[in-house]
Amino acid sequence: MRTRSSELFCPAQLRIEDPPSSDALFNAFLSSLWVKEEAACSILYSAAIRHFLHWLDVHAIPVGTLDDQVVRRFEKHRCRCHGYSAQQAAYKTDQAARVRRFVRFLEDQGYIEVDDGIDDLPRHLNDYSDVIDSLQLAPGVAQGYRSEAEHIVAWLRIKRQSWADFDDAILDQYAVHGCRCPVWRKRGKLIASGAKRRRRGARRFVEFLRGRGVIPSVEPVSDDDPHMAAFLAWLKQHRGATDETIRRYRADIRRLIPMLGEPSQWDAAVLRRAFQQRSKETPGSASLLVTIIRSYIRFLVVQGI
Ligand SMILES: [Zn+2]
Ligand SMILES: [Zn+2]
């Protein structure tokens, strides 16, 4: 039985009529809830969303510009809203979750313009689900893959991150994010997921999209410098590094090499100077850079270079 909600994620054609009234948006949203949910939840949604709409109004924030930053501001606001300020802080998280669902609805309906960088995401999610079905995995495992595919889609949407730019750095962020993503299922919640499962699930869906040519494939990485080329090949073969990681390593090393000169002249003092200079240029990246260069030097030493 399918329990997916992937009829969403589909920005409809942008509505260009006069800005719809708060009531119109609110009623459209309520009618989008699943029938079973409607009776039980409409009161809760009603309170949260009317509060949100009121707050938007007070701050003159147009609906078309909403994103998660606005929802965060709302979540944190010290409430003095007329008629709402009695609400307890304990409800704030629940309230924000309902507001996030409302915002997703507005995106899906085209009241908020978003560009995921992919046309027709719902179709890809459906097809992906069929592929997962065809693998005849254990039901829990299959469900996990479907969940994570919807989850990464929802998360990228919240981040306003285009699919075309997906890389390992984005995957790392996704793996550890504090989840507030607006994903619902007709039965039960999105299965809570740890970093490892998120990573695996997202990778699989990304590979699926790359395989279909929906997002660009990653070119294999090489280099003109034979030492560097050998190092990159070693990273891939023996460390299982992905192409994105390899590309990042290469870029960082190449940026540093002009400050270092020939590998045979490298010593601790030369390296320290280069790191200091580099961390002045791009603060915050020094420790990763040290790790990368160390691994390159160790490789060169082992190779007898
Ligand atoms: Zn308020
Ligand atoms: Zn999440």
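**Exercise 1. Which geometry does the site of the zinc ion (ligand 1) have, given the angles among its 4 donor atoms?**

*Solution.* The model is a predicted one, and the steps below work from its atoms. Begin with the donors: the protein supplies His 51 through NE2, His 77 through NE2, Cys 79 through SG and Cys 81 through SG, and these atoms lie 2.1 to 2.3 Å from the zinc ion (ligand 1). Next take the angles among the 4 donor atoms, which run from 101 to 116 degrees. Four donors count as tetrahedral if all angles lie between 85 and 135 degrees, and the site of the zinc ion (ligand 1) is accordingly tetrahedral. Along the sequence, the donor residues follow the spacing H-x25-H-x1-C-x1-C.

**Exercise 2. Decide whether Cys 79 and Cys 81 are buried, partly exposed or exposed.**

*Solution.* The cut-offs needed are under 20% relative accessible area for buried and over 50% for exposed, with partly exposed in between. Cys 79 has a relative accessibility of 23% and therefore counts as partly exposed. Cys 81 has a relative accessible area of 7%, so this residue is buried.

**Exercise 3. Characterise the packing of helix H4 against helix H6 by angle, axis distance and contact residues.**

*Solution.* Two packed helices are described by the angle between their axes and the distance between the axes. For helix H4 (residues 92-108) and helix H6 (residues 139-159), the angle is about 85 degrees and the axes are 12 Å apart, which means that H4 is roughly perpendicular to H6. On the H4 side the contact is made by Arg 100, Arg 104, Glu 107 and Asp 108, and on the H6 side by Ala 154, Arg 157 and Ile 158. Sorted by class, the contact of H4 with H6 has 5 charged and 2 nonpolar residues, and no polar ones.

**Exercise 4. Locate Trp 234 and find its contacts beyond four places in sequence.**

*Solution.* Trp 234 is part of helix H9 (residues 226-239). Its relative accessibility is 24%, so Trp 234 counts as partly exposed. With the neighbours within four places in sequence left aside, Trp 234 is in contact with Arg 239 and Phe 299. Between Trp 234 and Phe 299 the separation is 65 residues in sequence and 8.6 Å in space, taken from C-alpha to C-alpha.

**Exercise 5. Examine the backbone and the exposure of Ala 60 and Gln 136.**

*Solution.* Ala 60 is not a glycine, yet its phi is positive, at about 50 degrees. Ala 60 is placed in the loop between helix H2 (35-58) and helix H3 (68-76), and with a relative accessible area of 62% Ala 60 is exposed. Gln 136, which is not a glycine either, has a positive phi of about 50 degrees. The loop between helix H5 (121-134) and H6 holds Gln 136, and at 70% relative accessibility Gln 136 counts as exposed.

How values were computed. Residues numbered from 1 in each chain as written. Chains lettered and ligands numbered in written order. Predicted model: local features only at pLDDT ≥ 70, side-chain atom pairs only at ≥ 80, totals over all residues. Heavy atoms only, no water. Donors = N, O, S within 2.8 Å, 3.2 Å for Na, K, Ca; no water. Tetrahedral: all angles 85-135°; square planar, octahedral: opposite > 155°, others 65-115°. Buried < 20%, exposed > 50% of the residue type's maximum accessible area, 1.4 Å probe, protein only. Axes fitted to C-alpha atoms, helices over the stretch in contact; angles between N-to-C directions. Helix = DSSP H or I, 4+ residues; strand = E, 2+ residues; numbered from the N terminus. Parallel < 35°, antiparallel > 145°, perpendicular 65-115°, else oblique. Contact = heavy atoms within 4.5 Å. Nonpolar A, V, L, I, M, F, W, Y, C, P; charged D, E, K, R; others polar.
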